[in-house]
Amino acid sequence: PERGSEPRAEEKAEKPGEEEPVPEKSGGGSRSQRRRKNKESRQEKAPKAEQAESVQSQPVQPEDLGEPCDDEKARQIRAFLEGLLQHMGSAAEVKVYQPEKGRYKVILEGEKLGALIGRRGETLDAIQQLTNYSVNRGSDKRVRIHVDAENYRLKREQSLQSLARKVAAKVVKYKRNVTLEPMNAYERHVIHTALQDVPGVTTYSMGTEPNRRVIVAYDKDKK
């Protein structure tokens, strides 16, 4: 199993503790009273569904990227992205940084960048994959290129970390596994990392791309 790009993460598991009402014998109160009791019982036992949009993330200091880079690789990255964005009808400005050797960080700046991010960051992921393929094609030394816009990557990571903690708390409380919605490899890595040291839960991935999901499982032996 696998362990370790504001979209919604859903839980596919049943609500723990939710049971069908058991018919009572006559003389046990009116029908409306029995319904009210059953409803109150379910509300006490069943947790509320968690959604990524409702998660309140703590602010995180953005990465210090320094001055824009202008070496040969940076110029390749900029040339490719400017051409791609022109075909997409975007006037976004491309800024390339090199936080460490062998890794480049691209920031797309401008207005109305939502179309470049796409649903759950899918368009941004595609732009990143195309850029990596184009720049590294035929090269002996491969480099890693990360593309971001409107600080989307950081916001998404915060949301996933907060969701992971909330789901883990419910898994421990109700002793029931929870399956999250399909995520890409990076997002699954964020979930695995966020919960690797949390007592009472373990995580693993199941399924095949693009529908591979993280399972947050109850583990009574993990301390």
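Let's start at the hairpin of β5 and β6, where 6 residues sit between the strands and Gly207 takes a positive phi near 100°. Strands here are DSSP runs of E with at least two residues, helices are runs of H or I with at least four, and both are numbered from the N terminus. This is a predicted model, in which local features need pLDDT of at least 70 and side-chain atom pairs count only at pLDDT 80 or more, while totals for chains, interfaces and linings use all residues. Residues are numbered from 1 along each chain as its sequence is written, and side-chain values use heavy atoms, with hydrogens and water left out.

β5 pairs with strand β6 (residues 213–218) in the antiparallel sense, over 6 bridges. Two strands count as paired if DSSP finds at least two bridges between them. If you look along this pair, you will find Tyr204 opposite Ile215 in β6.

Strand β5 covers residues 201–206, and Thr203 has its place there. Is Thr203 buried or exposed? Thr203 counts as buried, at 3% relative accessibility. Buried means under 20% relative accessible area, exposed means over 50%, and partly exposed is in between, using a 1.4 Å probe and protein chains only. The side chain of Thr203 also makes a polar contact with the side chain of His192, at 2.7 Å. A polar contact is a pair of N or O atoms within 3.5 Å; within protein, one must be able to donate a hydrogen and the other to accept it, and residues adjacent in sequence count only if both atoms are side-chain atoms.

Now, please turn to the open sheet. Its 3 strands come in the order β1-β2-β3, with mixed pairing. β1 and β3 stand at the edges with a single partner strand each, so one side of each has no neighbour in the sheet. From one strand to the next, the twist averages 25°. β1 and β2 run antiparallel and are joined by 6 bridges; Lys95, for instance, has Ile107 in β2 as its bridge partner. A handy rule while you look at strands: in a regular strand the side chains alternate between the two faces of the sheet.

Which helices go with this sheet? α2 lies across β1, β2 and β3, running at about 150° to β1. α4 packs on the sheet too, touching β2 and β3, and its direction makes about 150° with that of β3. For these angles, axes are lines fitted to C-alpha atoms, for helices over the stretch in contact, and angles run from 0 to 180 degrees between N-to-C directions. Contact means heavy atoms within 4.5 Å.

What about the inside? The largest nonpolar core has 23 residues, and Ile77, Val106 and Leu108 have the most contacts inside it. The elements giving two or more residues to this core are α2 (72–87), β1 (93–100), β2 (103–109), α3 (114–117), α4 and β3 (144–149). α2 gives the most, with 5 residues. There is also a second, separate core of 15 residues, which includes Leu160, Val167, Val190 and Ile191. A nonpolar core is a set of buried Ala, Val, Leu, Ile, Met, Phe, Trp, Tyr and Cys residues joined through side-chain atoms within 4.5 Å.

Asn136 is buried, with a relative accessible area of 3%. A polar atom of its side chain lies 3.0 Å from the backbone oxygen of Asn132. Not counting residues up to four places away in sequence, Asn136 touches Lys141, Arg142 and Val143.

Last topic: charges. Side chains of opposite charge can pair when their charged atoms come close. How many salt bridges does the structure hold? The structure holds 10 salt bridges, each a side-chain nitrogen of Lys or Arg within 4 Å of a carboxyl oxygen of Asp or Glu. Glu100 meets Arg103 in one of them (3.3 Å, N to O). Glu100 is partly exposed at 39%, whereas Arg103 counts as buried at 11%. Arg144 also forms a salt bridge with Glu100, with the closest N and O atoms 3.6 Å apart. Arg144 lies in strand β3 and Glu100 in strand β1, so this pair ties together parts that are 44 residues apart in sequence. Elsewhere, the side chains of Arg119 and Glu122 meet in a salt bridge (3.6 Å, N to O). Finally, salt bridges that share partners join Asp70, Arg75 and Arg78 into one network.
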